[in-house]
Amino acid sequence: MGEALSIREARRLAIAAQGLGRPRPRRATRADVRRALAAVGTLQLDAINVLARTQQLVLFSRVGPYDPALLHELTGPRAPLFEYWGHAASLQPTDWHAWYRWRMASPFRESPTYTARIAAWRAEHRDYLAAILDEVRDRGPLPASQLDDPRPQSGEWWDRRSLGRRALELLFAYGEVAGWRTASFERVYDVPERAIPAEVLARPTPPVEEAHRALLLEAAGSLGVGTVADLADYPRIDQRRAKARVRELVEAGALVEVAVEGWRDRAYVRSDARPTRGRRATATVLSPFDSLIWFRARTSRLFGFDYRIEVYTPAAKRTYGYYVLPVLLDGALVARVDLKADRAGSALLVPGAHLEPGADERAVAPALAAELDQVRTWLGLDRVVVAGNGDLAPALTRALAGSFS
């Protein structure tokens, strides 16, 4: 690879690295799901289920309609994936467990003020934390709702959490308990020796610098191309520390420094990376928490696409809608579509559809219509219903009527 990349080459690298460049399989298998997970490396979790939970959507974007049980069976006690604070709450290969022990040792190290607050909370509730840990060891696996003494609280948002749940979350952050999700997305907790394979727990804990290098190299493989800030964001490593580790990876020949057209900062690719033309001709909707677009600054640099999720924005102040998914087509982000699954009415609702500047409505509308029909089929819904909001809505309505009437 040369020392300079065009923006088109950078996009191709990124899309291919994320497993979004190849055509979807006709019928997704366990192998397809595992291949998609290997591409992204880290799979963010989120509870929002207005359409489908993000961890399910990310896989749909890569393999098309599939059985979500194929993901669920890869989690749980001694499973191939484990949950921890990777990129936010996320699933990552259990083989990476040792690489995250530096965070477990000091999970709030980047915020001295918060670290001090946590230390004070731990000191105040020392006996209660010990009792919770003993209970998990004796009775686990347990959700917070089944603790003998959950100590419920009243309040708003996070202040409504019981002391028991706070205690479990703290023990989870420090790696003193492990956790996974039930089919209903409730987290259950157990001691690591019952949750993580013995051979993984027995591995030596590497120095933090070594762990950072490993995680940043994995990030480079999943991103395709990225600046230090991009690479650091993927496993949520402090940029100042990441900069030194990236330099070491370049010196070792594992990463290559490149200049990307239009980017102010230098970028990095794995030494074996090669831009390849994507072979997927269909449109792809992306979860708001898809790893292709996690780091919004990179999304803007790479695709010229400024994006933020408006779930927590008051309805009157939203620009595009509540749960808006970017649309990928032919190497570009060409539209945004607000989606909701009306399960009671068996309909995939499209409250809004917006075309990006410069995108061709005649190409985007039928491609998006076909993709929405795939989403509808996957979710077991009977029809797609488009509202009138957005400049793409009329053409999308016509495309749906012409293709799926």
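This report describes helix packing, strand pairing and nonpolar cores in a predicted model.

Residues are numbered from 1 along each chain as its sequence is written, and side-chain values use heavy atoms, with hydrogens and water left out. Local features need pLDDT of at least 70 and side-chain atom pairs count only at pLDDT 80 or more, whereas totals for chains, interfaces and linings use all residues. Helices (H or I, at least four residues) and strands (E, at least two) are DSSP runs numbered from the N terminus.

**Helix α1**

The axes of helix α1 (residues 7–17) and helix α14 (residues 296–303) come within 9 Å and cross at roughly 130 degrees, the axes being lines fitted to C-alpha atoms over the stretch in contact, with angles running from 0 to 180 degrees between N-to-C directions. The contact (heavy atoms within 4.5 Å) is made by Ile7, Ala10, Arg11, Ala14 and Ile15 of α1 and by Arg298, Arg301, Leu302 and Phe303 of α14. In α1, Ala10, Leu13, Ala14, Ile15 and Ala17 are buried, that is, under 20% relative accessible area with a 1.4 Å probe and protein chains only. Just after α1, glycine 19 takes a positive phi of about 75 degrees.

**Strand pairing**

| Pair | Bridges | Direction |
|---|---|---|
| β5 and β7 (residues 187–190) | two | antiparallel |
| β12 (residues 332–342) and β13 | seven | antiparallel |
| β13 and β14 (residues 383–389) | five | parallel |

An open sheet of three strands has the order β5-β7-β6; β5 (142–143) and β6 (178–181) each have a single partner strand, so one side of each is left without a neighbour in the sheet. Helix α8 (residues 163–173) lies across β6 and β7, at about 65 degrees to β7. β12 and β13 form a hairpin with four residues between them, and serine 346 in the turn has a positive phi of about 50 degrees. Seven of the nine residues of β13 (residues 347–355) are buried.

**Nonpolar cores**

A nonpolar core is a set of buried Ala, Val, Leu, Ile, Met, Phe, Trp, Tyr and Cys residues joined through side-chain atoms within 4.5 Å. Of the 109 residues in the largest one, Leu51, Leu231, Tyr323, Val350, Leu392 and Leu396 touch the most other members, and helix α15 (residues 361–379) gives the most to this core, with eight residues. A second, separate core of 23 residues includes Ala10, Ile15, Val258 and Val269.

Definitions and conventions
Two strands pair if DSSP finds at least two bridges between them. Buried means under 20% relative accessible area, exposed over 50%, partly exposed in between (1.4 Å probe, protein chains only).
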